[in-house]
Amino acid sequence: MRFANLMGRATLVDGSGAGLDVEKASDGRFPAEPQSLFAQWDEFRQWAAAQDGRADLAVDPADLHAPTPFPRQVFAIGLNYRSHAAESGLAVPPVPAVFTKFPTCVVNANETVALPSAYVDWEVELVVAIGRRAQAVAEQEAWQHIAGLMVGQDLSERLVQLAGPVPQFSVGRSYPGFGPVGPVLVTPDEFADPNDLELGCRLGDEVLQSGRTGDLIFAVPELIARLSAVCPLLPADLIFTGTPAGVGGARDPKRFLEPGDCRAPE
């Protein structure tokens with residue numbers, strides 16, 4: 001299933017660019033507001049599985065908003081690709097480096113982001129959306145609690161992030177627009193192997209990052225298990241799972257985003 005937020009309305013989309021309005025097609029059984037659907041995700045998925053061939057809307061990608069517009073919790077993992085640890089000159093961490101992004105930074109994938117300084121870096125990431133409350137979940141059961149996967153950017157203001165006696169990761173990565181996600185949330189069953197996905201980002205025609213999630217130090221099921229052992233993961237919560245090599249701050253010389261830059265996740 002491919003789930004989207006079409007200008008504030010829950011919508012199923014297919015590979016041809018067509019969509020199905022969830023509230024109208026279900027005769028009001030499911031709400032139009034995308035965020036509300038996550039509270040009944042299992043029931044919704046069962047209904048959606050029977051809707052093949054019913055798409056009747058033309059979907060303009062520019063009209064797609066963040067599939068999870070109001071997550072209550074947004075977790076992020078630092079230094080979680082072996083390639084990124086190597087380019088940073090750091091050892092592979094023994095436990096996940098967890099921080100949070102404040103939920104107000106979450107926007108759609110086409111959002112124009114105002115750069116607060118000349119030190120904003122890119123970080124393409126696989127983003128996990130929770131579909132079922134997860135508390136003390138075992139790794140082998142983790143995928144059952146996931147609503148879907150999407151691409152995101154963990155945009156980072158490097159000066160703020162690294163200022164002070166201890167790093168300020170959450171503050172430096174939570175400016176308005178610093179959490180673009182989407183444009184579509186895809187359920188895990190749509191992938192041949194959801195544990196090994198290709199992702200990357202580019203600036204125009206220049207490829208800045210290219211990696212596979214098989215290079216993750218802590219894979220998605222382990223992240224779910226470790227996080228849910230500390231606090232409940234709630235429906236529509238997000239986990240930014242880390243970035244592969246190629247970030248601007250690890251380059252020599254360092255490179256950051258400039259006004260007018262346009263970069264698209266792959």
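1. What radius of gyration would a compact globule with 266 residues have, and what does the protein have? For 266 residues a compact globule would have a radius of gyration near 18 Å, and the protein has 18 Å, which agrees; the radius is taken over C-alpha atoms, and the globule rule is 2.2 Å times the number of residues to the power 0.38. Taken along the principal axes, the box that the C-alpha atoms fill is roughly 55 × 45 × 30 Å.

2. On the basis of these remarks: this is a predicted model, in which local features need pLDDT of at least 70 and side-chain atom pairs count only at pLDDT 80 or more, while totals for chains, interfaces and linings use all residues. Residues are numbered from 1 along each chain as its sequence is written, and side-chain values use heavy atoms, with hydrogens and water left out.

3. The protein holds seven helices and 18 strands, where helices (H or I, at least four residues) and strands (E, at least two) are DSSP runs numbered from the N terminus. Of its 266 residues, 51% count as buried, a word that here stands for under 20% relative accessible area, with exposed meaning over 50% and partly exposed in between (1.4 Å probe, protein chains only). Among contacts (heavy atoms within 4.5 Å) between residues at least 6 apart in sequence, 75% join residues at least 24 apart.

4. The accessible surface of the protein comes to about 11900 Å², and 54% of this belongs to carbon and sulfur atoms; the areas come from the Shrake-Rupley method with a 1.4 Å probe, and for residues only the protein chains shown count as cover. There are 20 positive and 34 negative side chains, and the centres of the two sets lie 3 Å apart. In this count Lys and Arg are positive and Asp and Glu negative, with His and the chain ends not counted, and each charge is placed at NZ of Lys, CZ of Arg, CG of Asp or CD of Glu.

5. Helix H7 (220-228) deserves a look of its own. Eight of its nine residues are buried, so H7 is largely enclosed by the rest of the structure. The buried residues are Val220, Pro221, Glu222, Leu223, Ile224, Ala225, Leu227 and Ser228, and what covers them includes strand E6 (74-78), strand E7 (97-100), E10, E11 and E17.

6. Ser174 lies in the loop between helix H6 (169-172) and strand E13 (179-181), and with a relative accessible area of 10% this residue is buried. A polar atom of the Ser174 side chain lies 2.9 Å from the backbone nitrogen of Phe102, a polar contact being a pair of N or O atoms within 3.5 Å, where within protein one must be able to donate a hydrogen and the other to accept it, and residues adjacent in sequence count only if both atoms are side-chain atoms. When residues up to four places away in sequence are not counted, Ser174 touches Thr100, Lys101, Phe102 and Cys105.

7. Asn108, in strand E8 (residues 106-108), is buried with a relative accessible area of 12%. Polar atoms of the Asn108 side chain are found 2.7 Å from the backbone nitrogen of Asn110 and 3.0 Å from the backbone nitrogen of Glu111. Leaving aside neighbours within four places in sequence, Asn108 is in contact with Leu64, His65, Ala66, Pro180 and Val181.

8. Two cis peptide bonds may be checked in the model. One joins Gly182 and Pro183, with omega about 10 degrees, and Pro183 is placed in the loop between E13 and strand E14 (185-186). Another joins Asp252 and Pro253, with omega about 5 degrees, and Pro253 is found in the loop between strand E17 (238-240) and strand E18 (263-265).

9. Two alanines have a positive phi although neither is a glycine: about 55 degrees for Ala136 and about 80 degrees for Ala236. Ala136, in the loop between strand E10 (124-130) and strand E11 (146-153), is exposed, with a relative accessible area of 62%. Ala236, by contrast, lies in the loop between H7 and E17 and counts as buried at 0% relative accessibility.

10. Asp60 is placed in the loop between strand E4 (57-58) and strand E5 (64-65), and at 40% relative accessibility this residue counts as partly exposed. From C-alpha to C-alpha, Asp60 and Val98 are 35 Å apart in space, while 38 residues separate them in sequence.
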